[in-house]
Amino acid sequence: MSRGVIQPSQQKLAEKLTILNDRGIGMLTRVYNIKKACGDPKAKPSYLVDKNLESAVKFIVRKFPAVETRNNNQQLAQLQKEKSEILKNLALYYFTFVDVMEFKDHVCELLNTIDACQVFFDITVNFDLTKNYLDLVVTYTTLMTILSRIEERKAIIGLYNYAHEMTHGASDREYPRLGQMIVDYENPLKKLMEEFVPHGKSLSDALISLQMVYPRRNLSADQWRNAQLLSLISAPSTMLNPAQSDTMPCEYLSLDAMEKWIVFGFILCHAVLNSDAAALSLWKLALQSSTCLCLFRDEVFHIHKAAEDLFVNIRGYNKRINDIRECKEQALSHAGSMHRERRKFLRSALKELATVLADQPGLLGPKALFVFMALSFARDEIIWLLRHADNIQKKSTDDFIDKHIAELIFYMEELRAHVRKYGPVMQRYYVQYLSGFDAVVLNELVQNLSVCPEDESIIMSSFVNTMTSLSVKQGEVFDFRGLRLDWFRLQAYTSVSKASLGIADHKELDALTLNAFLYIHEVCVFYSRAFEKMFQQCLELPSQSRHSICFPLLCTHFMSCTHELCPEERHHIGDRSLSLCNMFLDEMAKQARNLITDICTEQCTLSDQLLPKHCAKTISQAVNKKSKKATGKKGEPEREKPGVESMRKNRLLVTNLDKLHTALSELCFSINYVPNLAVWEHTFTPREYLTSHLEIRFTKSIVGMTMYNQATQEIAKPSELLTSVRAYMTVLQSIENYVTIDITRVFNNVLLQQTQHLDSHGEPTITSLYTNWYLETLLRQVSNGHIAYFPAMKAFVNLPTENELTFNAEEYSDISEMRSLSELLGPYGMKFLSESLMWHISSQVAELKKLVVENMEVLTQMRTSFDKPEHMAALFKKLTSVDSVLKRMTIIGVILSFRSLAQEALRDVLSCHIPFLVSSVEDFKDHIPRETDMKVAMNVYELSSAAGLPCEIDPALVVALSSQKSENISPEEEYKIACLLMVFVAVSLPTLASNVMSQYSPAIEGHCNNIHCLAKAINQIAAALFTIHKGSIEDRLKEFLAVR
């Protein structure tokens, strides 16, 4: 098994490249986080901003990498005090730099080994080997570049080492080499250019092999369009044929990665640009495509400036510098528009691809390559836009603002979802393909090889056996990582100089590379400003809002950006993904809510046109039109009738309501796209965001539609509010056509809260507003003599007075308005209204009791002297506050009359909604046996009252008056006061005859001073008081009549 001096199998090139590339990404992550921490005043190590250590830090940086501790005790005194804390807190930073140094050593060692083995590189032949080699070169270059950008690196390393020296009496053993590395790589690219001189041949060969791949990937949108790239339906006859290529991995190789390989690669081996036309062509093409490259995450590298600064000091490179300047002008003037057109093409191409695959998922098998290519192309364009939008170098920014980018991301997510959903379809196809085709062809190739060394023979036999043994089993998951690593090993073994089996001579082997693997990279989380701006632009454009869900979907991938070598950033990225996802979903829900609110406003306006108050003008116009003779002058323009807006003569005519509905349907498609999102062990439900916002807005809108003005005491009529609320609810109900949400739940939550005094946020509800208005405005004006209760009309009516009221009482208290109020407030709200009314009655009764106590002696005598008219007349003259008693009793009567109107309206409303339940309650009330205990009877009365039924004894009034019992007065005394109150009212009634306002009006079936309400007050108060005191209501009312 002799292979000469160097045996590839012993060098383990494949294994080392795999491990170092992964470790390089981990080191980049750690160094990147150190840079970000040092750039943030809040996260920066405290020792770098500590004023006490400022002189010590400056001294250390100035002397770096030398260590001088003897003659600088004054400057380093503070350092001596905090040395243990510095060692503890800067260890992570320091040893990260040490790890970078060790990584550099391993990379340099591997690059020397590759040169010694004279490895053959060609991306189209040994793809895995060449790709990993170029990735390692770029990762190494990137790492050293970002390291040089950490301004505080010398301070951190120096502080740690001085603390180490003070603690242990000697510098850290890694410090001399580490310090020297930091100094050497002050200008990293210049140092790396010197370092890569011996590796120039291998690197340039690998880069030049891209001449068959990179130009083909870097085509214009018109060339893609002419080639009908990514189209499954352009050639229907070949739709079922497998999409194949001799260089399949190259087809979806990242353009971004290739540009980094070319730019950094040719900077490191720049001599080849002067000697090889293919190299120069690749270099120019890459320089014309971008103005900056992504180093890592949001760290960028400005290509042209950096290259020019490096080449300006090299003799004879004037031509190269001119090339760079020309390419920069080309990139600034054409790159933006070229990439814009590419994105435009990809939007339509991915839409077509996603639509076809959704209809025919079986095509995912043979056409998987198309999916991976589409995802790769789209990813490259999105990352290019994010990178350049954040680093614009030209005045015109139009090419870097893409309001349709969400559509492209959305179709990427849709394709990804298809691949995940129909994974078993793809698995079945490729397992059968590997075992039924690739295994057979590979076996034939192996048999026909004239020379096949032992190691290669073992690997290829393993391939054949593994692929032949594959079979489709339900639910089985295949892991091809071992097979891929073996393929990588085979490429490494056959790519070294003097290999018995050279891959360059057997290119057909590489055509069998396994390709059934998902290759999706998510958009970088670290361009958050540009990312949020794209989201806002997406929402602003109604046609794009249907794709806005792609932004929260992207947040589900953010955790894949983390690396196991930097676990501390998991929480930071996780929190960012959660906050962004929450913000996106919240903004989407707000936008939908605003659209719904606008639609509701329009619908409320239309509903308002149908209110009875608007028909008077129409009727008047119609009457006048008939009676008036034709005149020369034009009359009033005819008022448009409700419904005219629905008559359309032209389909192209688009109203504001049409635009709102279109925008809403687009946005709701996005909200309804996925039921749940899983982000960092949290689950988000987009529909719940919408439900929550609708509840809040509906609550505010209902209260707002009351139009309550505390200063002027104006409020909307209940019937008008009910019309608006119903219009609002109709619109909300239609939302169920767009989004799968339970709008009934929204109604229940909001409307039930409106039946309480305060809502869940502690804000006033329509119940509290209307209760307050009826008590403080309407009923107060009744007390002031401006309004009277007309029993014939069952309403309160304004009386003609000097100061006209700002509202018409009848429009707020007639049967239809009270029914509307009952519809709005419901039984709970009406119960609150009743309780508030009873509270006012109880306060009046309390005042009456005080008047009774003042006149108790006289009233006691009158109670027993009702059969002595002369004596009664003499005693009556001794009574005080007779008018006050009558006025307060009248107020109580008015309140009870209003309550009876409210109760009657409630009964009518409930009889429509729940007739069977109301009839059952009525049955209960009507059939209470006379011998029933009063407590049981009161429970039935309470139930009846809640349903709006009139009761012999008002339970609400009983409860209100019961709470007045005084601790200082015995029950017997309370009972006596109640009896005397009835006497006081009875003897006071005759005085009403002398009042002019007491004249009876048959038209209203009452009196203008509302004394017709006294009867209700006397009956209800007597029933309540003597129920409380367990007296005989009938006897006390007989006494009342006798005294009167």
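Leu833 is buried, at a relative accessible area of 2%, where buried means under 20% relative accessible area, exposed over 50%, and partly exposed in between (1.4 Å probe, protein chains only). The structure is a predicted model in which local features need pLDDT of at least 70 and side-chain atom pairs count only at pLDDT 80 or more, while totals for chains, interfaces and linings use all residues. Residues are numbered from 1 along each chain as its sequence is written, and side-chain values use heavy atoms, with hydrogens and water left out.

Leu833 belongs to helix α34 (residues 815-854); helices (H or I, at least four residues) and strands (E, at least two) are DSSP runs, numbered from the N terminus. Apart from residues up to four places away in sequence, Leu833 touches Thr771, Leu821, Phe898 and Ala902, a contact being heavy atoms within 4.5 Å.

The protein chain as a whole contains 43 helices and 8 strands. Its C-alpha atoms fill a box of roughly 145 × 90 × 70 Å along the principal axes. The radius of gyration of the protein chain is 45 Å, whereas a compact globule of 1044 residues would have a value near 31 Å; the radius is taken over C-alpha atoms, and the globule rule is 2.2 Å times the number of residues to the power 0.38. Of the 1044 residues, 52% count as buried. Contacts in the protein chain between residues at least 6 apart in sequence join residues at least 24 apart in 78% of cases.

The accessible surface of the protein chain is about 49,400 Å², and carbon and sulfur atoms account for 52% of this surface. Accessible areas come from the Shrake-Rupley method with a 1.4 Å probe, and for residues only the protein chains shown count as cover. There are 112 positive and 122 negative side chains in the protein chain, and the centres of the two sets lie 4 Å apart. Lys and Arg count as positive and Asp and Glu as negative, with His and the chain ends not counted; each charge is placed at NZ of Lys, CZ of Arg, CG of Asp or CD of Glu.

Helix α24 (residues 528-540) consists of 13 residues, and the 18 Å from its first C-alpha to its last is close to the 18 Å expected at 1.5 Å a residue. The expected span of a helix is 1.5 Å times one less than its number of residues. The buried residues of α24 are Ala530, Phe531, Met534, Phe535, Gln537, Cys538 and Leu539. In an α-helix there are 3.6 residues a turn, so residues three or four places apart point the same way. The buried residues of α24 pack against α19 (368-389), α20 (405-421), α25 (550-555), α26 (569-609) and α28 (656-671).

Two of these partners were examined further. In α20, 14 of the 17 residues are buried, so this helix is largely enclosed by the rest of the structure. The end C-alpha atoms of α20 are 24 Å apart, in agreement with the 24 Å that its 17 residues should span at 1.5 Å a residue. Helix α26 contains Met583, which is partly exposed, with a relative accessible area of 23%. Met583 and Ala331, 252 residues apart along the chain, have C-alpha atoms separated by 35 Å.

Several loops carry backbone features of note. The peptide bond from Phe64 to Pro65 is cis, with omega near 5°, and Pro65 is found in the loop between α3 (54-63) and α4 (73-81). Trp680, in the loop between β3 (677-679) and β4 (682-684), has a positive phi of about 50° although it is not a glycine. Lys794, also not a glycine, has a positive phi near 50°; Lys794 is in the loop between β5 (787-790) and β6 (795-798) and is partly exposed, at 31% relative accessible area.

Two further loop residues were considered. Pro45, between α2 (13-39) and α3, is buried, with a relative accessible area of 8%. Beyond its neighbours within four places in sequence, Pro45 is in contact with Cys38, Leu90 and Tyr93. Gly643, in the loop between α27 (615-627) and α28, counts as partly exposed at 25% relative accessibility. Gly643 lies 25 residues from Thr618 in sequence and 14 Å from it in space, C-alpha to C-alpha.
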